[in-house]
Amino acid sequence: GIRRRSASGAAWQGKVSQMVRIGYRARHSSVEQRRPVLRHVCLTTGGVWTLCCALSAQADFTFKPSGLVRRATVPLATHSHNVRLTSLPLVHRSQLVRTGLPTDGLLDISGGNDPGNGVLESMSMTTSSDAMAFVSAGVSGALLIYVVISFTEYAYHRYVQHLDLNRVELFKLARRFFGIPAIASDFHVWHHRETLDDMNIDPLPKDAWPDVTVHRGTAATWSSFMKMSCIVMLPTYPLLCFLGWPGPLAIAAVLAATLLHLMAYNALHPQLHNLPNVSMMQGPPSLVFGDFQNSAFAQYLKTYHVLHHRSNARRNFNVCCPLFDHLLGTHMDAGLDLQPSKVGQA
């Protein structure tokens, strides 16, 4: 099942070399090689964090390590010397009870020796603690989402699309014991078989792939978005709630991060194979904001995926979130073997 390669390996060699020069500055510089990854983590974290802040600003809650605390509806610092106690958060009003102060009416904070000053200072410290907990929960949640998406991308690509699950001994045992059928190949195998050395597509005959679309298996659809959102949601939602995220915010963050991931995928993968961008009607639209497709990071990811094809589909299973390739030892450096090989094997 190996399709013919392009006539000139030199054309492929030149294209990869150009991408390598853009994506990497030095072969043996681990810091330089990982800068695009760190930049990608920072951009993803910043995007999700911005979304969290925007949604949280509309809610009447704030993060605490033990859960959520309702925010005050009026600022503590007012033009007068009185604070209406019924407008304070419940956690602050409980401090008034412990100090023997009333929990309704107005609290005079103008006198230097008034016990209200001590309560107000305690309230300020609590508010500062809430802000730190909010930042901690937000950043931790964003990193958690990135890790789960990277693992999902890696596991699905390697163990389902490239059938590595059939090679896992535990799955072999389960198949024999429960009569489970082996994982069957899908369109991704055809995608590898019709990809040439220079990453162009040499289309298979129509009867070999009758339901192929214009993107020839290189683009994520809206069905892919729904499936991946559910998979990412399963472990991420309870963990985000454990970190103190409200349920609606956790759901919105997972959906937004999954959508952003697939938009980046649809901006990179079809273009790498010289296929058109994905429109809104076809799936998550290709991410084209800020000339993303021509950015240094996009070039790094394209080189990363070229090496996936170059390694007979045994390396670089991550596409947009290169984390688990590094953790599980399947990462392939761009400075390694660049000679044409049997890219079409899956």
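1. Leaving aside neighbours within four places in sequence, Leu 165 is in contact with Tyr 159, Phe 171 and Ile 183, where contact means heavy atoms within 4.5 Å. Leu 165 is found in the loop between α4 and α5 (169-178), and its C-alpha is 9.2 Å from that of Ala 155, a residue ten places away in sequence. With a relative accessible area of 25%, Leu 165 counts as partly exposed, a class that lies between buried (under 20%) and exposed (over 50%), for a 1.4 Å probe and protein chains only.

2. This is a predicted model, in which local features need pLDDT of at least 70 and side-chain atom pairs count only at pLDDT 80 or more, while totals for chains, interfaces and linings use all residues. Residues are numbered from 1 along each chain as its sequence is written, and side-chain values use heavy atoms, with hydrogens and water left out.

3. The protein averages a pLDDT of 74, and 59% of the residues score at least 70, pLDDT being the predictor's confidence in each residue, from 0 to 100. Over residues 6-13 the pLDDT is below 50, and this stretch has 13 contacts in the model beyond near neighbours in sequence. Residues 338-346 also stay under 50, with 36 contacts beyond four places in sequence. Where pLDDT is low, the predicted coordinates should not be read in detail.

4. Helix α7 covers residues 222-242; helices here are DSSP runs (H or I, at least four residues), numbered from the N terminus. From first C-alpha to last, α7 reaches 29 Å, close to the 30 Å expected for its 21 residues, the expected span being 1.5 Å times one less than the number of residues. At Met 233 the helix bends by about 45°, with Pro 235 following within four residues; the bend is the angle between axes fitted to the seven residues ending there and the seven starting there. Buried residues of α7 include Phe 225, Val 232 and Met 233, and just after the helix Gly 244 takes a positive phi of about 105°.

5. The largest pocket holds about 900 Å³ of space. Of its 32 lining residues, the closest to its centre are Tyr 156, Gln 161, Phe 187, Ala 220 and Ser 224. A pocket is an open set of points on a 1 Å grid over the protein atoms alone, with protein on both sides within 12 Å along at least five of seven lines, and lining residues have an atom within 4 Å of a point. Grid points are joined across faces, edges and corners, and a volume is the space filled by probe spheres set on the points. The largest share of the lining, seven residues, comes from α4.

Definitions and conventions
Helices (H or I, at least four residues) and strands (E, at least two) are DSSP runs, numbered from the N terminus. On a 1 Å grid over the protein atoms alone, a cavity is a set of points where a 1.4 Å probe fits but cannot get out, and a pocket is an open set with protein on both sides within 12 Å along at least five of seven lines; lining residues have an atom within 4 Å of a point.
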